[in-house]
There are 2 protein chains.
Amino acid sequence: MTTPTKTLWQERYRDDHQQERLISNPVIEQILAHRSVRAYSDQPLPEGWLETLLATAQSAATSSNLQVWSLLVVEDPARKERLSKIARQAHVARAPAILVWLADFSRIQQQATKRGAELPALDYFDSALIGSVDAALAAQNAALAAESLGLGTVYLGSLRNDLQATVDELQLPPLVFPVFGMAIGYPDPDKPAAIKPRLPQAVILHRETYQPHPQQDELISAFDQRLGEFYQEQKINVSDWSGHVIERLQDIDAGGTARSQIGPVIRRQGYPMR
Amino acid sequence: MTTPTKTLWQERYRDDHQQERLISNPVIEQILAHRSVRAYSDQPLPEGWLETLLATAQSAATSSNLQVWSLLVVEDPARKERLSKIARQAHVARAPAILVWLADFSRIQQQATKRGAELPALDYFDSALIGSVDAALAAQNAALAAESLGLGTVYLGSLRNDLQATVDELQLPPLVFPVFGMAIGYPDPDKPAAIKPRLPQAVILHRETYQPHPQQDELISAFDQRLGEFYQEQKINVSDWSGHVIERLQDIDAGGTARSQIGPVIRRQGYPMR
């Protein structure tokens with residue numbers, strides 16, 4: 001294993017378990033080096049960035065080659081400002097571009113209508129799931145391609161804080177809904193982002209059947225402490241991981257958001273999700 | 001742009017539009033070269049493959065650092081055989097390993113129970129969506145890392161053909177459900193996989209607001225023809241893209257599958273998806 005990979009493992013897990021077996025190459029190093037970037041420099045995006053990222057996104061797998069996602073790019077400052085209000089994140093307005101990843105069966109519906117065909121499968125949950133998963137696979141390719149070009153990204157689940165407002169702002173027709181956004185830009189060198197620690201592999205991994213690790217509680221407690229240290233380093237006012245995630249899930253509409261309405265909005269867009 | 005990238009673009013889109021602006025580097029080339037592999041050689045997976053792929057998966061972004069996914073690895077031949085029956089795909093039994101990507105709020109629920117906290121947000125659709133999207137981002141990192149090691153993968157949405165059977169086989173507890181599977185192995189050199197063509201970028205891309213391309217119908221018709229040619233080359237009995245996707249969506253339970261039950265199964269696993 002190379003020294004950069006060893007360092008990246010150390011930053012990601014903050015422990016030494018298993019790292020000796022890790023296989024390393026430049027693609028894997030690029031993936032391990034991910035960090036979410038929320039502060040951007042003034043440098044404009046390079047020529048060809050959008051075609052390149054879209055080509056990598058379209059190279060991801062797509063269920064049955066349905067290709068039921070679309071990409072909407074926002075660069076207009078006034079619209080970015082409005083999206084940043086929905087997201088309640090000021091950095092959204094300051095990124096050179098916001099990519100909105102859309103689940104989108106409208107193209108297929110139009111072809112079906114042309115041929116006089118009905119698509120009853122759209123009424124079932126599987127369709128909303130396929131659109132969301134395909135959009136996510138595409139987006140992750142684009143995020144990684146962006147990072148390989150020296151750009152930084154951050155996913156914006158926050159565009160779902162008020163999904164109806166996002167749908168209205170982007171003038172989305174029936175059968176189209178935003179899965180998430182993604183801000184993109186060159187990272188501000190004065191505000192470098194850190195690699196965020198993750199749970200130990202033993203907590204995530206199951207073999208053959210689902211069996212939580214016998215020491216899961218101890219492993220999570222140790223992680224709580226490691227993440228508490230990380231938050232202190234970053235001057236973020238969060239005590240531990242468990243406390244943070246529990247708080248996040250105690251109130252779906254915390255801080256005046258409308259995340260409880262995401263299901264109803266998607267249903268109104270034409271997905272009954274039976 | 002490098003010659004390999006030009007060739008990859010040509011195989012992906014089968015047209016020459018825009019490719020001159022494409023930015024190229026080894027990571028982007030790796031992403032563009034994706035193909036789904038359904039035929040594997042006898043070569044065993046390399047030592048450390050699982051720790052490596054899991055580390056790349058955990059390096060993906062995760063909503064609010066919730067980390068609400070798990071990875072279940074199946075290598076037992078009898079279990080792979082049973083999964084291949086659920087998937088109705090013989091190659092599933094022949095892959096050295098099947099990775100099952102799980103949405104999983106059970107870890108957080110356990111921590112909440114320990115602290116006497118309730119998590120009402122789990123009742124809303126956003127939670128099932130976050131689990132699914134986070135699993136997808138993680139899986140796509142792992143797929144790409146696998147490809148960079150010379151391995152091949154294919155996503156198995158087919159594990160949802162009978163989701164209850166998959167849940168039972170893997171003994172999944174409440175708040176855990178399979179989003180999709182992924183077969184992995186060294187590609188059989190005698191059965192090389194092809195790059196599958198995708199819709200032109202002009203059909204996928206929107207700027208500022210959602211506006212279908214004025215020539216969308218013509219662009220899709222031309223793509224129908226290109227994909228028809230591809231299917232002929234591959235000796236696959238499908239006439240065109242639109243016909244294929246319409247057929248796929250006319251009967252949710254085509255061929256005796258139970259995809260109409262995916263929503264009910266996920267609800268029984270503890271996600272009301274309000």
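Reader: What makes β3(A) and β4(A) a pair, and in which sense do they run, parallel or antiparallel?

Author: In this predicted model, strand β3 (residues 152-156) of chain A and β4(A) share five bridges in the antiparallel sense. Two strands pair if there are at least two bridges between them, so five is enough. One of the bridge partners is Ile184(A) in β4(A), which stands across from Thr153(A).

Reader: Which strand pairs with β4(A) over eight bridges?

Author: Strand β2 (residues 97-104) of chain A, again in the antiparallel sense. Ala97(A) stands opposite Ile184(A) there.

Reader: Why is strand β4 of chain A called largely enclosed?

Author: Ten of the ten residues in β4 (residues 176-185) are buried, so the rest of the structure largely encloses the strand.

Reader: Why is Leu175(A) called buried, and why is Gln171(A) called partly exposed?

Author: Leu175(A) has a relative accessible area of 9%, and buried means under 20%. Gln171(A) has 48%, which falls between the 20% limit and the 50% above which a residue is exposed. Leu175(A) lies in the loop between α8 and β4 of chain A, and Gln171(A) is found in the loop between α8 (163-169) and β4 of chain A. Neither is a glycine, yet phi is positive, at about 55° for Gln171(A) and about 70° for Leu175(A).

Reader: How do you know that chains A and B are related by a two-fold axis?

Author: Chain B is superposed on chain A by a rotation of 180° with 0.0 Å of shift along its axis, at an RMSD of 0.0 Å. That is the relation of a two-fold axis.

Reader: How do you know that the copies meet through the same surface?

Author: Of the interface residues of chain B, 99% are also interface residues in chain A, so the same surface is used by the copies. In contact are 127 residues of chain B and 126 residues of chain A. The area buried between the chains is about 11100 Å², with 60% from carbon and sulfur atoms.

Reader: What makes Arg21(A) and Glu51(B) a salt bridge?

Author: Their closest N and O atoms are 2.7 Å apart, and the cut-off is 4 Å. The pair crosses between chains, from the loop between α1 (3-13) and α2 (26-32) of chain A to helix α3 (residues 49-58) of chain B. Arg21(A) is partly exposed at 38% relative accessibility, whereas Glu51(B) is buried at 10%.

Reader: What links Arg79(A) to Glu208(B)?

Author: Their side chains meet in a salt bridge of 2.9 Å, N to O. Arg79(A) sits in helix α4 (residues 77-87) of chain A, and Glu208(B) in the loop between β5 (205-207) and α10 (216-233) of chain B. Both residues are buried. Together with Arg82(A) and Glu169(A), they are linked in a network of salt bridges.

How values were computed
Residues numbered from 1 in each chain as written. Chains lettered and ligands numbered in written order. Predicted model: local features only at pLDDT ≥ 70, side-chain atom pairs only at ≥ 80, totals over all residues. Heavy atoms only, no water. Buried < 20%, exposed > 50% of the residue type's maximum accessible area, 1.4 Å probe, protein only. Helix = DSSP H or I, 4+ residues; strand = E, 2+ residues; numbered from the N terminus. Least-squares fit on C-alpha atoms with pLDDT ≥ 70 in both. Contact = heavy atoms within 4.5 Å. Buried area = accessible area lost by both parts, 1.4 Å probe.
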